[in-house]
Structures are given as C-alpha cells and as structure tokens.
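Hi,

Here is the model I said I would pass on.

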Amino acid sequence: MATDVTRVGPTKGLDAEMLDMTLEAIQEFADRHLPADLVLRLDHEDECPVELVRKMCGDDLGIHLLFVPEEYGGMGAGSFDVCRVCEKMAAIDLGVATSVLATALGSDPIAVGAAADQQKLWLTRMAEEGLLFAYGATEPEAGSDLGALKTTATPIEQVGRVVGYRLNGRKQWISNGGIADAYTVLANTPGGPSWFVIERGAEGFTQANPEDKHGIRLSNTAALYLDDVPVDLEALVAVRQFQQQVLPSGLPPTTVWSYGSVNHPATLNYPAFTVEAGADAPVRVRWINGLVDGSGHFLPHLLPVDPTLHWANPPGGAKGRDSRPTFGATPGPYTGPVPMVTHLHGGHSTEESDGYPEA
Ligand SMILES: Cc1cc2nc3c(=O)[nH]c(=O)nc-3n(C[C@H](O)[C@H](O)[C@H](O)COP(=O)(O)OP(=O)(O)OC[C@H]3O[C@@H](n4cnc5c(N)ncnc54)[C@H](O)[C@@H]3O)c2cc1C
C-alpha cells in the first residue's frame, strides 16, 4: 500500500488538503512572478527581489501565516508542512526560499521562548503586517561555537531597577540582514545569553551592504552593527523642557514642555507622539517627571500655581481617596514638582488610574 507522505509527521499542522493547496499556490505565484529568466538575472546581479518577498509574506500569498500559531492569526503549520514548503520554494530558487524562510527562523526565538505578551505582540504583528524577520546569532568569531559570542547586553538601571538593555556587537552573514523589519539578536547579558527583538531603524542599529556570494545569491545576507542599541523592557516616557522651532525659521525657538521616549531623544516633540497599543496586548509605560534642572531638582511651574484654583484632584476615586484640598488660610504659591497627568484614550482604566485631565 502506498504511503501518503502528507500524513507522516507531527499531528499538529495543516490537513493534507490545505498543504496541497498551499504548495499549489506557491507554484502558481512563482509561475506568474518568478519566471526562469528573471530568477537568472537576479541571481547574476546578486539582487534580492524584496518586493516579491514581501508579496509572498503578505496578502498576495501569505506564506508567513504558516509560521504563526492560529491563536495569533496564523495557520499554525507544523514542522512537516514547513519542510514541504521549504522544498517547494527551494525548487523555485534557493535564494528566494532563504529569504522567505528566514522570517520563520527569525521569529523562532519568539515563538519558542518569549513571554506570552511578547509572543502575542510580535506574532500578531507578523501575521497582520507581514513583518520580515532576520535571525542574528552568528558573529565574525562565533559560528558553530556560539559560546564564543561577544555581543553584549548591558542592563540599563533606573532607581535600582533594570528597565532595559544596551546592545553592542557585530553579527555576520545574517539572512534578510539588510531588508528585515524586525531582528532577533542573541547577546550576552550578565545572566547569560538571551534573545532580543530589535526593529529596523532603532538608534545605533545599522546594516551593512549585502555580501556578494558564491551561491543562493538572491537572498540578502548582511552584517549587522549594534552600537549602544537601546532595548526597553517597558516604554519609558518622560516629560521634559526643551527648545523647539515652533515659529517660522529665522524667529527664535520656543521653550516647550512635552513628552518623548527616554532612550530615543529624537521622539521628544511638541505635540508629543502617541503611544499606541493593540487590543489585548499589554503595553507597559513608565512615566518619568523629567522636569528637573541639571542637579536633578524639580523645575518650578512656568506660571504661578494657585492651589486653591488649579489643583486637579477632584473628589472621588477608589474609596473616596481623591479630594479637593481644604485651606484654613490662604496658601502661598505651589512650589513642588509639576504634577503629571496621564490619560488613556479608547481603553478601560479604573478611575484611580486615570488622571482626570478634564478637572
Ligand atoms: C548564506 C548564509 C546565510 C546565513 N544566514 C544566517 C542567519 O540568518 N543567521 C545566523 O545567525 N547565521 C547565518 N549564517 C551563518 C551560519 O549559520 C554560520 O556560517 C555557521 O553557523 C557556521 O559558522 P562559521 O561560518 O563561523 O564556521 P565555523 O564555525 O568556523 O566552522 C568552519 C568549519 O569547521 C567545522 N566545525 C566547526 N566546529 C566544529 C567542531 N567542534 N567539530 C568538527 N567540526 C567543526 C564546521 O562544520 C565548518 O565546516 C549564514 C551563513 C551563510 C553562508
């Protein structure tokens, strides 16, 4: 009796019909978009067809969905399905196969070992946005022997608490290195090696030109440079005083107060950027009052504050905790730190967490 090979392998994954349809769709896509003369030319010119790779990992074909579990919007393919897809893609061109499958490899550290909220965040984004991933393990002096890893992740501490890391090092021969949207990067923390997710465009993160290779030339293989790249464990957002050119150029800059990311000073802007969150994906934000002088002392308010008029703490809150201040005598002007008020739009927040900005 003939063996139905599509039924061999792990029980998790696509059913035989779906796998066949997927393989057929890949072949049809290749027949339409990757004719032999184009593949030969791209191979000769050592050029990765980035737009086609994005189409394959986007709405046109959706191969990336195979690598994403169903609960995050993917198809939840098993390793047998991925193997068959690899085989099919490699028959079309090894370089294109490497580029598409590098996303599976790059997202693997997340799928295998990330915390549940990180898995949800990145795998959902991968399914919805078709993010291309790269997997950054190899270094100039660490290939087979990853114990020789030199890239470091140095903890960033604030008030005795680790709030992020700074990554320094160099990665070598990274598939999709020059074209990925997100990178999983292996680095040594004081507690041992760990994976970090870095987005393209992160401060201090650059990609070299692609290597001119002997084979699989259509895939983009590039070195990565990490120079003090900040990776936040939580979003650190500070209010600060700074100068911004609000008036037309030629006129003096204006002193403004606004918010931005502590580790990405270019984001300090008036009006401040929004922090956006996806449904059901926790986003941790720590608000920091950065309205301080060079010695760390709080700045006074720019305008006089009369606490009998300007105090934003209306009665209410959990257990009636919040109340208007009462005065037996006329108080002097308020000289304490400038209070910060945070307000969440479009979400559920209990009243004690809300800033009552309308008060
Ligand atoms: C096209 C391409 C794409 C790549 N894409 C990625 C990527 O996306 N991400 C990534 O992290 N890396 C990537 N790599 C790097 C690849 O994983 C490494 O090349 C591989 O890990 C081997 O490391 P190395 O080249 O430093 O060789 P070495 O580790 O120096 O090995 C050299 C030779 O010695 C042999 N050898 C090594 N150690 C031993 C041992 N203990 N006993 C016996 N033999 C041994 C090896 O088998 C090999 O033949 C890519 C490489 C290429 C060429």
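**The α5/α6 contact and the rest**

Let's start with two helices: Ser107, Ile110 and Ala111 in α5 meet Gln118, Gln119, Trp122, Leu123 and Met126 in α6. By contact I mean that the C-beta atoms of two residues, placed from the backbone, lie within 7 Å. Sorted by type, the residues of this contact come out as five nonpolar, three polar and no charged. The sorting counts Ala, Val, Leu, Ile, Met, Phe, Trp, Tyr, Cys and Pro as nonpolar, Asp, Glu, Lys and Arg as charged, and the others, Gly among them, as polar.

Before going on, two housekeeping points. This is a predicted model, where local features need pLDDT of at least 70 and side-chain atom pairs count only at pLDDT 80 or more, while totals for chains, interfaces and linings use all residues. Numbering runs from 1 along each chain as its sequence is written.

Back to the helices. α5 covers residues 94-113 and α6 residues 116-129; they pack at an angle of about 145°, with their axes 9 Å apart. Axes here are lines fitted to C-alpha atoms, for helices over the stretch in contact, and angles run from 0 to 180 degrees between N-to-C directions. The crossing of α5 past α6 is left-handed, that is, the near helix is turned anticlockwise from the far one by less than a right angle.

Overall, the protein has seven helices and 10 strands, taken as DSSP runs numbered from the N terminus (helices H or I, at least four residues; strands E, at least two). Of its 359 residues, 28% count as buried, meaning 20 or more other C-beta atoms within 10 Å of the residue's own, with C-beta atoms placed from the backbone.

Next, the ligand. 14 residues surround it, and the closest are Ala137, Thr138, Gly143, Ser144 and Ser175; the cut-off is a C-beta atom, placed from the backbone, within 6 Å. β1 (133-136) and β3 (161-175) are the elements that give two or more residues to this shell, and β3 gives the most, with three. The shell divides into six nonpolar, six polar and two charged residues.

Finally, there is an open three-stranded sheet in the order β9-β8-β10, with mixed pairing (strands pair if DSSP finds at least two bridges between them). β9 (254-261) and β10 (285-289) are its edge strands. β8 (residues 235-244) pairs with β9 in the antiparallel sense over eight bridges, and Gln241 stands opposite Trp257 in β9.

Cheers

Methods:
A residue is buried if 20 or more other C-beta atoms lie within 10 Å of its own, exposed if 12 or fewer, and partly exposed in between; C-beta atoms are placed from the backbone.
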